[in-house]
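Trainee: I would like to go through the labels on this model and see what stands behind each of them.

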Amino acid sequence: MKGLIQRVKHAKVEVEGEVVGEINQGLLVLLGVEQQDSQLSAEKLCKKILNYRVFSDENGKMNLNVQQVQGQLLIVSQFTLVADTQSGNRPSFSCGAPAALGKELYNHFVYLAKQSSVPCQTGIYAADMQVSLQNDGPVTFMLQV
């Protein structure tokens, strides 16, 4: 399971022109699910993201996590994160989880995140989404479990 996290001042996701999720300061989480992933993968990645220290403390050091800055999460499914791009000029998605498993694990990840103290918003699984954000920094990390 892969999570591309971006520290944002604000972010939103729209489907068919309607805003379905929107946050202020926090993390935009683009989530990719692979064939071998499980609920344990979702649990490990969610815990890592909630505790990952990417926000600045009073000394300007990345020393605080999203919970400590009272930030928010916007969680968006993105199967293209798990593409195999090693050869050729066209990505292969053979490593990606089948749709049913991907949706199950995405929903489990969202459930876990919502159990934390961090307010969460989401996109719509497998929808054609338009994501807007103001990256803060820019600060972007790829996390994988």
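Mentor: Start with H2, which gives the most to the lining of the largest pocket, with 3 residues. The model is predicted, so local features need pLDDT of at least 70 and side-chain atom pairs pLDDT 80 or more, while totals for chains, interfaces and linings use all residues. Residues are numbered from 1 along each chain, and side-chain values use heavy atoms, without hydrogens and water.

Trainee: What makes a set of points a pocket?

Mentor: On a 1 Å grid over the protein atoms alone, a pocket is an open set with protein on both sides within 12 Å along at least five of seven lines; lining residues have an atom within 4 Å of a point. The largest pocket holds about 320 Å³. Its lining has 18 residues, and Ser 77, Gln 78, Phe 79, Tyr 125 and Ala 126 are the closest to its centre.

Trainee: Why is H1 called oblique to H2?

Mentor: The helices pack at about 40°, with axes 9 Å apart. Angles under 35 degrees count as roughly parallel, over 145 as roughly antiparallel, 65 to 115 as roughly perpendicular and the rest as oblique. Therefore H1 is oblique to H2.

Trainee: Which residues of H1 make the contact?

Mentor: Gln 39, Ala 42, Glu 43, Leu 45, Cys 46 and Ile 49. Contact means heavy atoms within 4.5 Å.

Trainee: How do you know that the bond from Gly 137 to Pro 138 is cis?

Mentor: The omega of that peptide bond is near 0°. Pro 138 is in strand S8.

Trainee: What stands out about the phi of Gln 70?

Mentor: Gln 70 has a positive phi of about 55° although it is not a glycine. Gln 70 lies in the loop between S5 and S6.

How values were computed: 1 Å grid on protein atoms, 1.4 Å probe; cavity = no way out; pocket = protein on both sides within 12 Å on 5 of 7 lines; lining within 4 Å. Points joined across faces, edges and corners; volume = space filled by probe spheres on them. Helix = DSSP H or I, 4+ residues; strand = E, 2+ residues; numbered from the N terminus. Axes fitted to C-alpha atoms, helices over the stretch in contact; angles between N-to-C directions.
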